[in-house]
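Subject: Structure handover

Hello,

Here is the structure we talked about. Please open it first, then read the notes below.

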Amino acid sequence: MNFNIPSLTAEFYLTTSPVLILCFGALVAMLAGVSRRLGGELVIYSVLLLSLVGALAAAVAASPGVETAYLSGSYLAGVLSRFGQVLILLVSLIVTLLFKATFLRDRFFRGEIASLFLMVITGMLITVASEDLVTLFVGLELSSIGLYALVGYLNPSRRSQEGAIKYFVLGSFAAALLLFGFALLYVSTGSLRLTEVSQAVPKLLGHNWVKLGVVFSLAGISFKLALAPFHLWAPDAYESAPTGLTALMATTVKAMVIILAARFFAGSLASVYEVWLPALMFVAAISMILGNIMALVQSSLKRMLAYSSIAHSGYMAIAICASSANSGSLPVAAVLYYLVGYTIVSLGAFSILMWLENKDNDNLLLDDISGLSKTHPWAAFGLAVCMFSFAGMPPTVGFIGKFFVFNSALINHLTGLVLIGVIGSSISLFYYLRVIVRMYMADPIQLPTQLAPKPSLLVAVVIGATVIANLALGTVLPEAAMKWMVETSKEVAAAPGSAEDSQSVSH
């Protein structure tokens with residue numbers, strides 16, 4: 001293997017500037033944290049904000065035309081990678097701002113926590129902008145290991161440390177599966193780049209190592225996406241983590257892995273779909289059924305939303321399954337639309353929970369929000385809109401998102417998956433509507449610690465913006481947004497080895 005010194009041009013540094021800014025911010029936050037003069041909350045808060053705003057501005061300012069690979073495919077500049085980076089950075093910035101209005105502000109805005117948080121986001125940006133197997137794994141683990149630590153360290157308690165240990169142990173096992181799958185693909189094809197792997201895999205389809213590599217890779221990705229039966233970490237991690245961190249895991253982590261799965265299965269390995277499609281259909285089906293059934297019996301709101309997240313991962317996996325057929329960019333566009341809608345709704349729901357919590361009650365139960373419409377009517381309205389959207393009720397973005405996902409599956413004759421998805425959605429109506437019934441049709445309950453959140457303009461703006469975006473994407477903006485998603489997903493559909501290119505590759 002010849003070693004070529006990469007050409008690091010000004011264009012490369014401009015393209016990678018979001019990652020570089022976050023790395024620099026993480027170093028500054030760490031150094032400031034050990035300084036007596038600069039280790040205060042205001043300084044760390046400023047470093048976090050400046051780093052995230054700078055990285056977001058750099059990602060938005062990037063204007064990629066044709067997808068360009070730097071460092072031998074270790075970093076991709078394209079529409080899809082920019083879409084993922086902007087979404088991750090925007091959500092991370094909002095979560096950082098929301099932490100300022102919670103009781104954990106003095107614990108979150110510390111040097112070591114801020115540095116770890118920025119490195120987690122850095123790992124996510126690297127993952128969505130790479131097609132090199134080693135770089136993908138490094139990005140995934142950089143984000144995952146940081147999350148393991150944050151879950152148990154940000155708000156230390158027996159519950160949070162138990163959740164962090166479970167997350168770490170199961171995550172380490174999943175990382176081993178994923179790394180073993182990548183290794184088998186490398187040994188079989190002789191390349192670490194997904195583009196070259198996709199060109200070689202169809203010719204080696206009869207080789208058992210290739211099949212094992214694809215299956216082990218699917219298992220690792222399914223864990224990161226919390227698809228059953230690889231979902232066991234999600235309920236404990238979601239419930240034990242501070243709610244702001246739970247919001248980050250429910251949105252940015254899912255965005256990172258969905259983009260990775262789209263690039264991996266809908267793009268590079270679409271030509272060998274007969275290997276991974278049956279397994280992905282199975283995990284999607286049991287995720288939709290198991291996630292919704294388990295959510296029925298939960299009294300903790302965060303644990304209920306964790307099982308709900310498992311079901312929503314199953315809905316998104318339907319569109320990835322649909323991309324196995326020669327259907328162009330429609331399934332990928334559908335899953336990106338669903339992802340955006342789910343991110344908006346999750347951010348709105350968790351923002352309300354963060355605002356309602358206090359240091360004596362940081363894990364809200366259904367009883368805690370009884371009669372919420374009488375005590376905090378606007379919070380109840382915002383949470384009700386989120387519940388309707390999670391359930392897929394019109395006129396919300398959840399309804400349109402499920403319509404696009406189910407439509408892409410029906411076009412590609414995945415009727416059974418769609419039927420299971422409809423059944424799962426019907427089951428979910430019970431526990432989503434139960435939240436609304438508690439808020440509007442029950443009287444407030446006397447609690448040991450009453451919910452008395454302080455008025456916050458920032459929280460009100462975030463909740464209002466998510467409600468407006470939720471309803472707008474469900475009524476007047478679906479067509480325009482879907483066109484944007486189709487343009488964003490064309491890179492995946494046009495990738496060598498994808499469904500549209502599978503015939504030319506095999507010849």
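Axes are lines fitted to C-alpha atoms, for helices over the stretch in contact, and angles run from 0 to 180 degrees between N-to-C directions.

Two points on provenance. This is a predicted model, where local features need pLDDT of at least 70, side-chain atom pairs count only at pLDDT 80 or more, and totals for chains, interfaces and linings use all residues. Residues are numbered from 1 along each chain as its sequence is written, and side-chain values use heavy atoms, with hydrogens and water left out.

**Whole chain**

The chain has 22 helices and two strands. These are DSSP runs (helices: H or I, at least four residues; strands: E, at least two), numbered from the N terminus. The C-alpha trace spans about 70 × 55 × 40 Å along its principal axes.

Of the 507 residues, 61% count as buried (under 20% relative accessible area; exposed is over 50%, partly exposed in between; 1.4 Å probe, protein chains only). Take contacts (heavy atoms within 4.5 Å) between residues at least 6 apart in sequence: 81% join residues at least 24 apart.

**H14 against H19**

Helix H14 (residues 301-322) packs on helix H19 (residues 415-441) at about 160°, with the axes 11 Å apart. The two are therefore roughly antiparallel. Their crossing is left-handed, meaning that the near helix is turned anticlockwise from the far one by less than a right angle; clockwise would be right-handed.

H14 residues in the contact include Leu301, Met304 and His312. On the H19 side, Gly421, Gly424 and Tyr432 are among them. By class, the contact has nine nonpolar, five polar and no charged residues. Ala, Val, Leu, Ile, Met, Phe, Trp, Tyr, Cys and Pro count as nonpolar, Asp, Glu, Lys and Arg as charged, and the others, Gly among them, as polar.

**Two single residues**

Ser160 lies in helix H8 (residues 158-189). Ser160 counts as buried because its relative accessibility is 0%. Beyond four places in sequence, Ser160 contacts Val151, Gly152, Asn155 and Ser240.

Val60 sits in helix H3 (residues 41-61).

Best regards

Note on methods. Parallel < 35°, antiparallel > 145°, perpendicular 65-115°, else oblique.
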